[in-house]
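This report goes through selected features of the structure shown below. It covers strands, a helix and aromatic rings.

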Amino acid sequence: MRFRHKAAAGFATLLLPLSGLVALAGPAQAATSATATYAKTQDWGSGFEGKWTVKNTGTTTLNSWTVEWDFPSGTKVTSAWDATVTNSGDHWTAKNLGWNGTLAPGASVSFGFNGSGSGSPTGCKLNGGSCDGGPEVPGDAAPSAPGTPTASDITDTSVKLSWSAATDDKGVKNYDVLRDGAKVATVTGTSYTNTGLSKGTDYSYTVQARDTADQTGPVSGAVKVRTTGDTEEPPPGDKVKLGYFTEWGVYGRNYHVKNLVTSGSAAKITHINYSFGNVKNGQCTVDDTFAAYEKAYTADQSVSGTADTWDQPLRGNFNQLRQLKAKYPHIKVLYSFGGWTYSGGFGQAAQNAAAFAKSCKQVVEDPRWADVFDGIDIDWEYPNACGLTCDTSGPAAFKNLSQALRAEFGKDYLVTAAITADGSEGGKIDAADYGGAAQYLDWYNVMTYDYFGAWDKAGPTNPHSPLTSYNGIPKEGFNSAAAIAKLKAKGVPASKLLLGIGFYGRGWTGVTQSAPGGTATGPAAGTYEAGIEDYKVLKNSCPATGTIAGTAYAHCGTNWWSYDTPATINTKMAWAKNQGLGGAFFWEFSGDTANGELVSAIDGGLK
């Protein structure tokens with residue numbers, strides 16, 4: 001997408017005297033009633049994100065906790081949250097904060113950190129005792145991770161899981177089976193049949209081994225399973241109706257997943273692109289962890305009507321999307337990486353496409369939210385061309401990246417891409433092999449907007465999302481029809497092309513001419529950024545006064561805006577159907593009215 005507005009995340013990140021000078025306090029309570037487990041939640045090559053989870057497994061309240069561990073030389077914590085972390089050389093200590101030290105029986109709390117280096121923690125102690133919740137067993141190592149489960153005998157309500165055995169120096173006693181991160185069974189063998197499931201529903205399974213001392217090892221890889229049978233709610237039609245949900249919209253825009261429900265939009269779409277994951281050092285990574293999976297929602301703010309608790313394993317947008325999918329089972333959610341701001345990392349990613357794809361799979365299928373995402377979307381602006389930065393990775397890079405993503409994600413995941421709509425001769429579509437890459441992708445989101453705007457401060461004023469060419473268009477090929485025609489000519493099937501709609505307008509000020517083609521003195525004022533404004537504002541502040549090339553424009557006072565309305569969207573949807581396109585997508589939900597009138601127009605126009 002072309003733009004993003006992001007407020008600073010208003011959450012505290014504590015920290016860290018990294019030259020650890022704090023002496024260890026005596027244990028606050030014997031560790032026989034609690035466990036501490038570690039997981040590496042992200043790895044971007046030059047660094048990683050880790051998380052410790054402390055759980056009270058006893059019958060009395062735990063009043064405070066201290067977790068200690070050793071890192072090998074060269075591995076260290078660089079920042080942390082939800083704990084005070086200090087070190088003495090390679091020995092690290094994390095203590096609870098004032099608000100999260102008390103754990104009732106059965107309760108748990110997590111703290112996280114960013115680190116550098118490649119080592120893993122060893123010698124874990126919780127309140128001076130074993131991190132496994134039992135007495136220390138000298139020389140008894142925890143078991144290894146079992147193999148990633150495989151799924152078979154899938155029915156409407158059950159699935160059989162099988163996995164290769166873990167190893168342990170004293171012997172494996174049994175295995176915990178985790179579904180969507182929660183334990184559903186403990187078994188002695190290496191297979192388990194989970195029953196009582198819902199038909200047509202996605203689940204994610206992992207396995208964890210326990211040894212004879214009841215020590216648990218690391219969690220296995222995840223397998224995603226979809227039960228057979230129709231969902232309770234059939235998909236609305238056979239065309240894709242996809243909207244972008246912005247991660248940062250929960251701040252200044254105050255737009256949340258629940259707004260998709262209250263606006264009526266959730267019942268009228270088929271897919272959501274969650275934007276954006278970042279691309280750093282050639283790797284996929286979560287951008288804003290607070291908005292993504294830490295922000296707590298009250299009962300009235302949440303999709304389910306249930307308030308988040310401080311110790312639940314997943315909160316934020318990801319948990320709200322999980323609740324949305326439970327309420328509207330037909331919706332598929334893709335994790336979109338890149339965008340205008342974060343496309344600079346794709347060039348490095350293309351140098352090792354397989355490693356990039358692997359890192360993306362790890363993020364998308366993180367065990368904490370593996371059931372939330374149904375695929376991945378890549379928004380590279382632009383391969384072998386210039387956007388916010390200029391890329392020189394070559395015309396084959398995009399195809400190679402797409403091939404690697406499909407190889408890593410397999411046939412059961414959606415793999416899509418948002419691409420340029422520059423249909424000019426020798427333009428951005430010609431710079432990369434979009435035709436060759438199409439075989440690996442489910443569809444393209446063709447960004448048929450932002451052709452013209454007030455970055456040309458003096459004008460001429462022209463619609464930013466023309467459907468067709470028109471007399472006086474500043475540049476041939478800068479329209480939707482030209483872009484779609486060029487992609488078809490390169491061998492992309494029409495069914496793999498989605499037409500893009502902007503839920504916003506672009507405008508100039510200092511304009512005296514009502515018709516397009518007038519001069520201006522600069523960008524018109526906007527709520528978040530000059531020259532751009534949401535449809536929900538423009539429909540009242542500057543109503544449309546005319547149409548050109550299938551889109552609307554408005555002249556009010558000295559301002560001139562262009563934007564799509566329900567009427568022009570109907571025209572564009574009829575055109576998309578006539579062209580045999582796979583559907584439409586839009587940027588982005590928060591620009592629509594509170595009753596979702598633009599989403600309704602897309603839905604109605606594609607029926």
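## Basis and terms

Two strands pair if DSSP finds at least two bridges between them. Helices (H or I, at least four residues) and strands (E, at least two) are DSSP runs, numbered from the N terminus.

The model is predicted: local features need pLDDT of at least 70, side-chain atom pairs count only at pLDDT 80 or more, and totals for chains, interfaces and linings use all residues. Residues are numbered from 1 along each chain as its sequence is written, and side-chain values use heavy atoms, with hydrogens and water left out.

Strand β1 (residues 34–43) runs antiparallel to β2 and is joined to it by nine bridges.

## A three-stranded sheet

Three strands form an open sheet in the order β10-β11-β14, with antiparallel pairing. β10 (150–152) and β14 (191–194) are at the edges with a single partner strand each, so one side of each has no neighbour in the sheet.

Strand β11 (residues 159–162) is joined to β14 by four bridges. Within β14, Thr 193 stands opposite Lys 160.

## Helix α12

Seven of the nine residues of helix α12 (residues 597–605) are buried (under 20% relative accessible area; exposed is over 50%, partly exposed in between; 1.4 Å probe, protein chains only). Among them are Leu 598, Val 599, Ala 601 and Ile 602. The buried residues of α12 pack against β17 (240–246), β24 (497–502), α10 (535–541), α11 (566–578) and β31 (583–587), where contact means heavy atoms within 4.5 Å.

## Aromatic rings

Rings of Phe, Tyr and Trp (its six-membered ring) pair if their centres lie within 6.5 Å; planes under 30 degrees apart count as stacked, over 60 as edge-to-face and the rest as tilted. By this rule there are 47 aromatic pairs. Phe 48 and Phe 71 are edge-to-face, because their ring centres are 6.3 Å apart and their planes at 85°. Phe 48 is in strand β2 (residues 47–56) and Phe 71 in the loop between β3 (66–70) and β4 (76–81), 23 residues apart. Both are buried.

Ring pairs also link a cluster that includes Tyr 293, Tyr 335 and Trp 369.
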